[in-house]
Amino acid sequence: MHCTLSLYIGYNTYRSRFINLILGMNKRVLSNPGHHINRIARLSARWLEPRLQRLGLAVAQVPVFGAIKSLGPLSQKELARLLHVEQPTMAQLLTRMEREGLIERTPDPKDGRSSLINLTPHALKKAGPARDVLSEGSRVALKGFSPSEITALNRLLLRVRANLEEAIDE
């Protein structure tokens with residue numbers, strides 16, 4: 001009994017020190033906005049993924065949809081640059097989207113070696129429902145925020161984004 005009690009106390013002392021170490025690290029990590037931004041992005045993706053999957057879409061495809069919908073047909077190189085994605089990653093994503101009938105490639109009249117990526121009619125039918133899912137996700141994430149808080153948050157996040165984009169482009 002004494003041996004078991006000693007092991008139990010020793011284990012709890014070790015566990016307590018470990019927990020204090022982790023909590024100390026967490027205080028430093030949790031005071032860093034980058035941690036929260038990363039966590040929010042992951043939680044948002046977890047919330048969105050099953051809802052977009054019901055539409056036959058993936059979270060990774062949303063920025064491509066948005067870029068093409070806003071700017072019109074774009075080359076793979078332009079999409080990769082705009083979305084800050086490596087060329088091989090963009091190539092894989094576009095291949096998957098093409099296989100799923102979401103995009104089509106047409107020859108670029110300005111550059112015969114390149115093709116332009118455009119959304120198919122099949123993809124355009126999904127755009128409205130996908131936009132509804134994204135809007136619902138924003139409502140869920142911003143529940144309880146006042147309009148002025150949302151405006152302030154957007155303004156701050158745009159500054160963070162601009163700082164990072166500038167740093168990447170250097």
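Helices (H or I, at least four residues) and strands (E, at least two) are DSSP runs, numbered from the N terminus. With that in hand, the protein chain turns out to have seven helices and three strands, and along the sequence they follow the pattern α-α-α-β-α-α-β-β-α-α.

A word on where this comes from. The model is predicted, so to speak of local features takes a pLDDT of at least 70, side-chain atom pairs count only at pLDDT 80 or more, and totals for chains, interfaces and linings use all residues. Residues are numbered from 1 along each chain as its sequence is written, and side-chain values use heavy atoms, leaving out hydrogens and water.

Now for the surface. The protein chain exposes about 12600 Å², with 59% supplied by carbon and sulfur atoms (Shrake-Rupley method, 1.4 Å probe; for residues, only the protein chains shown count as cover). Of its 170 residues, 19% count as buried.

Two residues to look up are in this table; both are partly exposed, meaning between buried (under 20% relative accessible area) and exposed (over 50%), with a 1.4 Å probe and protein chains only.

| Residue | Place | Relative accessible area |

Leaving aside residues up to four places away in sequence, Leu-142 touches Ile-150 and Leu-153 (contact means heavy atoms within 4.5 Å). Among contacts between residues at least 6 apart in sequence, 47% join residues at least 24 apart.
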